[in-house]
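Reader: I would like to learn how to read a helix and an interface in a model. Could we go through them one by one?

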Amino acid sequence: MANGIIVFIEHVDGKVNRASYEAVKAAQLIGSETGQEVSAVLLGQAVGDAAAEVASKKVKTVYTVENEWLKKYTADAYTQAFRQVIEQVQPALVLMTHTYEVRDFAPKLAASMKKILLGDNIGYKIEDGKPVFTRQVFQGKLAVDVAPVGDDPHFVSFQIGTFRGDESEAGQAEIKALSVNLDADVVRQQPEERFKEAKAAVDLSQAPLIVSVGRGIKEMKNIELIRKLADALGAEIAASRPICDNDWLPMDRQIGSSGQTVAPKLYLAVGISGAIQHLVGMKGSRTIVAINKDAEAPIFEIADYGIVGDLFEIVPALTAEAEKMKQ
Amino acid sequence: MKIIVCLKQVPKNDSVLRINEQGTWIQDRDLTYEINESDAYGLEAALQLKEKHGGEVIALSLGPARVQSVIKEALARGADRGIHLEDTAFDNLDAYGIGTAIAAATKAEGFDLLLTGLQSDDYGFAQTGVIAAELLGLPHTTIVMDVELNDAGLRVKRELENGFFQWVNMPAPAVLTIQSGINTLRYATLKGIMAAKKKEIKKLDAATLGIDAASLAPRMEFRRIYLPQKNKQTQFIEGSAGDIAAKLIDKLKNEARVF
Amino acid sequence: MSETGKVSVVKGGMFLFEGRKSEDVFTREDISEEQQMFAGVAEEFMQKEVMTRSEQIYAKDWPVTRELLLKAGELDLLRIDIPEQFGGLGLDKVSSAFVGEQIALMPSFGASLGAHTTIGTLPIVYFGNDEQRAKYLPRLASGELIAAFCLTEPSAGSDALNAKTKATLTPDGKHYLLKGQKMWITNGGFADIFIVFAKVDGEKFTAFIVERDHGAVSGHEEKKLGLDGSSTTAVMLEDCKVPVENVLGEIGKGHVVAFNILNFGRLKLGSRNIGGAKISLNNSIAYSKERHQFGRAIANFGLIKRKLAEMAIRCFVGDAMVWRTLGMVDKALENVDSNDSMQVLKAIEQYAVECSIVKVWTSEALATVTDETVQVYGGYGYSKDYPAERAYRDARITRIYEGTNEIQRILIPTRLLKGAGKDQLQNLSESISDIIDRTRIYFGDEGVPTARRTLKSVKETARLALSSLVESHGDKLSEEQEAVALAADIIIEAYAIESAILRVEKLVSAKGADACRIPTEMLRVYVNDAADRVAISARNLAGAVKESAKLMQAFERLAPQTPINTIESRRLIADSLIESGRYLW
């Protein structure tokens with residue numbers, strides 16, 4: 001009988017992705033509520049230091065799987081390796097943070113065992129002693145509660161930022177190496193080196209104040225309105241993906257899952273409806289202000305201050321008020 | 001090069017969504033639909049590959065009769081023919097079920113490249129293409145920004161987090177999930193729409209594809225659907241633009257202490 | 001191409017004298033999937049290409065407008081009405097009008113595009129010879145050439161045939177020299193091709209295809225109340241040298257060209273008008289949900305609901321009239337050889353009354369809707385920063401151009417009296433006594449069947465009004481404009497009521513009564529109010545003709561009374577608009 005929760009720890013060349021600790025935290029919470037032990041798994045080559053780091057968390061065992069075919073991430077090798085880990089450890093629940101890497105292999109892993117990934121959840125609740133997961137549908141406009149159906153193990157991922165990784169409990173774990181047999185013929189992807197494209201990338205993660213603009217701005221020339229507001233507030237200007245896709249602002253100003261993740265003191269979202277992909281990049285901000293004409297826009301779900309109205313009217317007034325404040 | 005592109009029909013982005021009386025899903029009365037955004041970019045990528053390398057583009061959609069309109073839309077933009085997976089057994093499938101149906105249909109058809117969008121704007125599972133790849137025994141790459149063909153197969157640009165990218169080489173046939181915004185979508189023309197009428201749309205059901213009930217059985221259960229609960233209490237500021245601006249600056253200064 | 005399906009051919013100008021069944025008419029719901037896709041292209045083009053360049057368009061940056069027209073050409077939006085052998089698609093009028101409705105998203109650009117495709121291009125389509133068609137149509141279809149229609153002159157507006165522009169044959173017999181001035185020419189500032197009407201030898205009113213290089217000179221841009229983003233100029237013809245082969249149609253038959261083309265213009269204007277009304281209505285719905293006063297969205301207030309409901313009713317009834325008429329025209333065209341222009345024109349001309357009715361009713365509906373939208377927006381409605389103000393200004397021209405509503409009101413009864421129905425008018429005094437013998441009718445409140453009974457009364461009122469006009473004024477009818485216009489108002493309502501009934505009946509039979517609750521409410525309210533308006537017009541008319549007292553009594557007998565709670569109905573209609581966030585019919 002399967003038992004326990006296993007957490008997938010993501011890393012690049014042995015450097016642990018901090019987001020993985022969010023899954024550790026989730027596993028600790030669910031584990032204590034359902035009386036299950038938590039373990040973690042690292043796939044790669046020379047992952048000793050990373051394993052040691054993870055072992056300082058309150059988990060029972062950190063499993064390491066080292067193999068030359070796992071040196072660089074590929075969906076094919078990870079799926080094979082992880083599946084063998086699951087067969088050996090027999091967990092009831094596989095928990096992950098919903099990163100791009102998890103999105104790439106976890107559905108394949110689950111499908112290889114005729115299962116499905118319950119992906120991108122934003123919370124959970126316990127019903128009849130079992131976890132039920134909450135996820136967003138219709139780009140955050142509605143939420144659903146879903147429960148896995150069928151036998152263990154179940155595969156679950158949580159959206160980045162759902163849990164505080166830095167609040168995961170510390171402890172002392174044993175590190176245990178597992179060996180797997182990888183069929184090299186089955187590893188069909190050959191990745192090249194990772195690279196960044198944007199030249200002289202702006203690092204928005206250090207900006208204390210950010211004014212961000214979305215589709216609601218309608219035309220490129222209107223970006224000037226936002227620039228004026230940002231200048232008046234002494235803030236950096238940023239944008240949601242469609243604005244950068246249109247080249248209305250450079251790519252390195254993009255906030256969200258494919259852009260930068262920020263947590264400024266003030267995040268002022270103008271004409272941004274708040275698709276999940278955007279929210280994950282800014283929901284850690286200390287104070288969020290949203291200006292949007294649609295009162296139902298998901299951005300208001302996470303805003304501290306909401307203004308439902310026409311940005312073309314409100315932004316100039318706000319700029320004027322900010323200028324006044326400066327004097 | 002034979003490319004199959006999967007197109008999902010989803011409620012229009014600006015739709016007003018209402019939960020049905022049973023609280024299980026949304027009311028589909030009064031909804032208008034469109035091609036899922038990233039799928040449209042997948043279609044455009046397919047059409048551009050065909051223009052560059054020759055071959056054929058097949059538009060595939062799964063769902064009730066109404067999804068034929070997205071197939072027709074694709075045919076009007078230049079796809080050569082369509083496949084419509086229609087069966088009451090396909091109602092309310094989860095991603096595994098949809099992946100199963102797509103895998104069966106595309107295997108029967110044969111292809112060099114199977115494209116999907118990276119995720120749907122309704123369920124947002126983001127795994128249909130990957131599941132199909134696994135069931136077909138084919139390699140895949142997700143969140144693809146660019147596709148190159150070479151003698152060895154494919155070289156695709158994958159989007160990573162925090163502004164990183166990575167080229168990945170793979171043999172064909174393969175499955176790719178396409179990111180939104182990677183190309184410029186073309187319009188249909190009226191001539192294209194008229195020409196689409198003469199293009200074939202093949203209908204396939206579960207029995208024809210030899211799909212059994214067990215492989216379509218749900219692997220997850222929707223307990224309930226509801227408006228998201230707020231984590232934060234949003235203070236709404238009202239009044240004239242001037243009033244709003246003054247109140248907001250005051251609150252940011254004295255309440256939130258941002259300045 | 002047949003899109004109207006099994007709808008049968010109906011003779012024009014006969015609706016007062018014959019009954020109609022819902023299966024005989026085309027409605028908006030009959031628009032095919034393919035036609036929806038055509039419109040989808042136009043809508044996407046408007047949203048993505050045109051609306052995003054609104055500032056340049058309103059700044060009269062004509063190269064941008066020309067570039068957009070060329071792009072529209074690439075998407076085939078300019079070739080819909082052009083025959084296939086000349087680079088067009090040869091599609092039906094329903095397709096053409098439905099695409100036109102999407103272009104109404106920006107009335108200024110809609111004016112530029114519509115002037116080009118309809119009054120600019122259609123004269124060559126229908127009156128050009130093969131050489132002319134081959135020479136001009138492919139490039140008009142692609143948007144490489146843009147056309148304008150030059151009929152009006154400084155002293156010849158509604159009285160277009162009183163044109164002063166002259167055409168004189170040069171001594172070598174190869175050219176006409178055109179001399180004169182045309183006014184209010186849409187696309188005047190940037191068009192390449194002008195359809196110009198001039199009098200050969202100062203007498204024979206004739207149409208010409210004039211290229212800009214022949215010597216047509218644009219005046220300055222007019223400063224207009226609305227449509228700021230469309231070019232309107234005078235066009236000066238100062239010894240403009242036009243080759244004789246550019247005479248369009250026959251010498252002396254320019255009026256045939258002008259009036260037939262304007263028939264098309266009026267018909268297509270209908271769908272643009274209702275398209276514009278729906279945009280304003282949707283803006284009103286959105287704003288009234290967003291705007292809070294006294295602690296709640298103003299959409300919750302009865303008087304705002306009343307406005308929203310009334311706007312929706314106008315859109316619903318307007319669409320019923322527009323698509324019914326377009327469907328009739330298409331059906332008639334299916335039965336004629338599309339290459340035989342004269343047959344085509346004859347087929348369309350018989351619907352001149354319906355086209356006039358559609359023009360008058362929809363332009364006035366648009367006026368009401370845009371005016372009430374300003375009111376819903378309150379102070380913001382008066383501000384140029386909000387859309388209500390521009391829509392209000394843009395709407396105003398539609399009651400003036402393509403033949404003023406006053407001219408149309410004269411034409412409607414006079415044409416009916418010349419048309420196929422005139423023999424069916426009964427003897428006035430017999431009709432009157434027959435009606436007076438009846439008792440005043442109280443109809444009850446049964447929805448569509450009640451509306452049917454009201455329609456019967458209104459049609460009878462209209463026929464009686466026509467008979468009384470003939471009896472009292474005979475040949476001097478044209479001197480009695482006020483009375484003729486009263487009759488026109490009754491006739492227009494008859495067409496509106498009947499169109500709305502037919503649309504609701506067709507909807508109900510397709511979707512079932514439950515799904516059609518709101519259309520049925522819209523019908524009940526419209527018919528109830530229209531019957532009262534008809535009664536007032538009839539009473540005023542009766543006062544101004546022979547046998548006033550008896551006629552008044554007859555009209556009174558015909559005026560139906562129904563115990564309808566229009567307040568409750570309008571609330572229901574408004575609530576559904578507010579719930580869905582937009583007009584859905």
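**Reading a helix, a strand and an interface**

Author: This is a predicted model. Start where a helix ends: H3(C) is followed by Asp76(C), whose phi is positive, near 75°.

Reader: What span should helix H3 (residues 62-74) of chain C have?

Author: The expected span is 1.5 Å times one less than the number of residues. The 13 residues of H3(C) should therefore span 18 Å, and the end C-alpha atoms are 18 Å apart, which agrees.

Reader: Which residues of H3(C) are buried, and what covers them?

Author: An α-helix has 3.6 residues a turn, so residues three or four places apart point the same way. In H3(C) the buried residues include Trp62(C), Thr65(C), Leu68(C), Leu69(C) and Ala72(C). Their cover includes helices H1 (33-50), H5 (107-120) and H7 (130-142) of chain C, and also strand E6 (216-221) of that chain.

Reader: Now the strands. What does strand E17 (residues 305-308) of chain A pair with?

Author: Within chain A, four bridges join E17(A) to strand E16 (residues 287-292), and the two run parallel. Here Gly306(A) is the bridge partner of Ala290(A). E17(A) also pairs in the parallel sense with strand E13 (residues 235-236) of chain B, over two bridges, where Gly306(A) stands opposite Phe236(B).

Reader: How many salt bridges does the rule find across the interface of chain B and chain A?

Author: Seven. One of them joins Lys108(A) to Glu134(B), with the closest N and O atoms 2.6 Å apart. On the side of chain B that touches chain A, H8(B) gives the largest share, ten residues. The two chains bury about 7,500 Å² between them, 54% of it on carbon and sulfur atoms.

Definitions and conventions. Residues are numbered from 1 along each chain as its sequence is written. Chains are lettered from A and ligands numbered from 1 in the order in which they are written. This is a predicted model: local features need pLDDT of at least 70, side-chain atom pairs count only at pLDDT 80 or more; totals for chains, interfaces and linings use all residues. Side-chain values use heavy atoms; hydrogens and water are left out. Buried means under 20% relative accessible area, exposed over 50%, partly exposed in between (1.4 Å probe, protein chains only). Contact means heavy atoms within 4.5 Å. Two strands pair if DSSP finds at least two bridges between them. Buried area is the accessible area (1.4 Å probe) that two parts lose on being put together, summed over both. A salt bridge is a side-chain nitrogen of Lys or Arg within 4 Å of a carboxyl oxygen of Asp or Glu.
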